[in-house]
Amino acid sequence: MNLHHLLQARVAAGRPVRVGLIGAGKFGSMFLSQVPTTPGLEVAVIADLDPERARAACRQVGWDEARIARTEFVTSGAEACGHDAVEVVVEATGAPAAGIAHARAAIAAGKHIVMVNVEADVLAGPLLAEEARAKGVVYSMAYGDQPALTAEMVDWGRSCGFQVVAAGKGTKYLPLFHAVTPHDVWTHYGLTPEEARKAGMNAQMFNSFLDGTKSALEMAAIANACDLAVPSDGLLFPPCGVDDLPHVLRPASVGGVLEREGMVETVSSLERDGRPVFRDLRWGVYVVLKAPNDYARACFKQYGLKTDDTGSYAAMYKPYHLIGLELGISVLSAALRGEPTGQTRGFRGDVAAVAKRPLKAGEMLDGEGGYTVWGKLVPAERSLAEGALPIGLAHKVKLLKDVPAGRIVTWADISVPDTEAVRVRRDMERRFALKETSAAAE
């Protein structure tokens, strides 16, 4: 609660916090919009494949020409990572392979790294965070995005002495969404393709939210940061409003839907027949807590918390997240406190690529939100045992075998490319699977 005070001290010392932003898309643009109204926070360099588009984004969010003129625009993310004026790098490309490369470049250059790129974090975050700690820099989730906000609530609950029974977010979900492709995605958002095009909306990116992939990635990120378990066979997406969180998000043994206490889950803002859920949590995050004793249970009631019928389980939630408008919290926390706003520390959950339709040998997979696969959350040990192909590597790879609809695509099904991302992922699997096995044995 002292970030603003600490930033004012940097202003007084003439030492603003300087950022290198990689990727000036929607998330990056939202962050850029807040920079002019945050004295002491500056963007020294913006890396984007199209620098003119990045300049246009700056103008669109309210930057004046003087601020644009003193900002360097480059095409290379690696250049931004190594820039002498940069203290904190923000990786906002959304491309897993690029995210891994940029994170490692920033860490090697001694820069703090804020990973908007949850795709890269789920693919290899435990290893990247370990490399950052060894280098003495911060590797952080991006505040404003739901994983970091959920991790903050988990930390709050545990620091108050509560057991965290469940944690996660809300989304719009129906089972049929798993098969949706970029071709028909806009009908589910109430838009025409032309309206989406004029708004500059990317069909594959928006489809990754709809088909369940993004929820799986974000729940894996939370599980890996907060040492929480993931469902054995994918997210359940139970329809649930805020008043019902403590009833639904408790173990099945006491009337809920969870396999056990201490899990991640995403709740749906739609009933299975398509009706809207009452007081839904589509834009927010939550934790379900368990009272450690009778006194705390009585306090839940006295202070108006919504509880289950036993009075033992209660929920706290945040109804909204502001995405890039809140990103400055991560940047300032890294620079001024040396602390992450959530950090991947283990390998509890993974996101496997699942065939959306019958796939034929010779086809090329097109990754997150595309026409061929969607991402399913599974326990890391299951992913490794079955040789599941991570969704983050299911882009522009060729199938060697037919894969039926609904089946997890495996490493054996594809022609495995020799890339940095594949090598880093394999290294992460070896090192962190061994750590998890050792921890379980103890």
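In helix H8, Gln146, Pro147, Thr150, Ala151, Val154 and Arg158 touch Glu218, Ala221, Ile222 and Cys226 of helix H12, where contact means heavy atoms within 4.5 Å. Sorted by class, that contact has six nonpolar, two polar and two charged residues. Here Ala, Val, Leu, Ile, Met, Phe, Trp, Tyr, Cys and Pro count as nonpolar, Asp, Glu, Lys and Arg as charged, and the others, Gly among them, as polar.

This is a predicted model: local features need pLDDT of at least 70, side-chain atom pairs count only at pLDDT 80 or more, and totals for chains, interfaces and linings use all residues. Residues are numbered from 1 along each chain as its sequence is written, and side-chain values use heavy atoms, leaving out hydrogens and water.

Helices (H or I, at least four residues) and strands (E, at least two) are DSSP runs, numbered from the N terminus. Here are two helix pairs; axes are lines fitted to C-alpha atoms, for helices over the stretch in contact, and angles run from 0 to 180 degrees between N-to-C directions.

| Pair | Axis distance | Angle |
|---|---|---|
| H8 (146-159) and H12 (213-226) | within 9 Å | roughly 35° |
| H1 (3-12) and H15 (328-337) | 10 Å | about 60° |

Now for the sheet. H8 lies across strands E7 (163-171), E9 and E10, at about 20° to E9. The open sheet has four strands in the order E8-E7-E9-E10, with mixed pairing; two strands pair if DSSP finds at least two bridges between them. Its edge strands are E8 (263-268) and E10 (313-318). E9 (285-290) and E10 run antiparallel, joined by six bridges, and Tyr286 has Tyr317 in E10 as its bridge partner.
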